[in-house]
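Here is a short note to read beside the model. Please keep the structure open while going through the points.

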Amino acid sequence: MKIIKTKDYNELSATSADVVISEIRKNKNAVLGLATGSTPIGMYDLMIKACRDGLSYRTVKTLNLDEYVGLGADSPDSYVSFMRDKLFEHIDIDMKNTHLPDGKAADMQAECARYSALIKSMPRDVQVLGLGRNGHIGFNEPGTPFDSVTHVVRLTDDTVEANARLFACKDDVPRYAVTMGIAEIMQAKKIILLASGAGKAQAVYAAARGKITETCPASVLQNHPDVILIADEEAHALL
Ligand code: GLP
């Protein structure tokens, strides 16, 4: 795992945007694995700026990591809404080329199978990952098998609490989510793992230096041949 320590969040955003943008400059048909959460927002802002400066996303394809079960485009709290607000609406991407699991599918098992097949048919050039305080990636909570594919998960209390800040109140946070599995995350050619702030320092340490164990899902990334951890000074503090 290559580790880049940045002085602050702005530099973290610039460094991660550089990786994604250079991938698109190399290949206008690049497939991006995208993440939600606060951490990649600065990177998305810079991707929007690059579009305004002439970079085209018209033939880029995207696959997101996860979605809350029960939420869809009609909910401002859904990840599909997040992606529209923070990125897709501001760039020239063809919405048909953007994909997220459907949290409102009538048959979630069938939806998981559909999304797994889609992932298989669209090998990702680069996968962006945030990091949960408990070491989760996507919504793969501690204990998720490393060979998992897209599945429905019950969120841990810690995750519900961490994500409650984005909802009107804690009770509004869905208890279930659908997430790309760990085996599927690992299939991306390149992975960038972004972490910002002191609250992530412990998880960053476990991901980068800890034992490779299902107790810390992000530790699996030590087995991937091309991972860049981009952490700001606070998140890097225990390394
Ligand atoms: C959520 C998402 C994860 C994300 C994590 C960290 O749980 N499912 O994909 O990495 O939050 O979020 P943040 O970047 O807001 O700390």
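1. Start with helix α4. Its buried residues pack against β3 (61–64), β5 (98–99), β7, β8 and α6 (182–186). Bear in mind that this is a predicted model.

2. Which residues of α4 are buried? They are M108, E111, C112, Y115, S116, L118 and I119. Viewed down the helix axis, the buried residues of α4 fall within an arc of 160°, so they line one face. The face turned away from that buried side carries exposed residues: Q109, K120 and S121.

3. Now the helix as a whole. α4 covers residues 108–121, which is 14 residues. From first C-alpha to last it reaches 20 Å, close to the 20 Å expected at 1.5 Å a residue. Its N-terminal end is capped by D107. There, a side-chain oxygen of D107 lies 3.1 Å from the backbone nitrogen of Q109.

4. Turn to strand β6. V126 and V128 point one way from β6, while Q127 and L129 point the other way. All four are buried.

5. β6 has parallel partners. With strand β2 (residues 31–34) it pairs in the parallel sense over two bridges. Here Q127 of β6 is the bridge partner of G33. With strand β9 (residues 190–195), β6 also pairs in the parallel sense, over four bridges. L129 stands opposite L193 in β9.

6. Next, the aromatic rings. The count of aromatic pairs comes to four. One of them is Y68 with F167, an edge-to-face pair with 5.4 Å centre to centre and 80° between the planes. This pair links distant parts of the chain, 99 residues apart. Y68 sits in strand β4 (residues 66–68), and F167 in the loop between α5 (157–163) and β8 (176–179).

7. Are these two residues buried or exposed? Y68 has 1% relative accessibility, so it counts as buried. F167 is buried as well, with a relative accessible area of 9%.

8. A further pair is Y79 with F139. The ring centres are 5.9 Å apart and the planes are at 15°, so the pair is stacked. This pair, too, links distant parts of the chain, 60 residues apart. Y79 is in helix α3 (residues 79–86), whereas F139 is in the loop between β6 (126–129) and β7 (151–154). Y79 counts as buried at 9% relative accessibility. F139 is buried, with a relative accessible area of 1%.

9. How do the two pairs relate? Y68, Y79, F139 and F167 form one aromatic cluster.

Methods. Residues numbered from 1 in each chain as written. Predicted model: local features only at pLDDT ≥ 70, side-chain atom pairs only at ≥ 80, totals over all residues. Heavy atoms only, no water. Phe/Tyr/Trp six-rings, centres within 6.5 Å; stacked < 30°, edge-to-face > 60°. Buried < 20%, exposed > 50% of the residue type's maximum accessible area, 1.4 Å probe, protein only. Pairing = 2+ DSSP bridges. Expected span 1.5 Å × (residues − 1). Arc of directions from axis to C-beta. Contact = heavy atoms within 4.5 Å. Polar contact = N/O pair within 3.5 Å; in protein donor to acceptor, adjacent residues only side chain to side chain.
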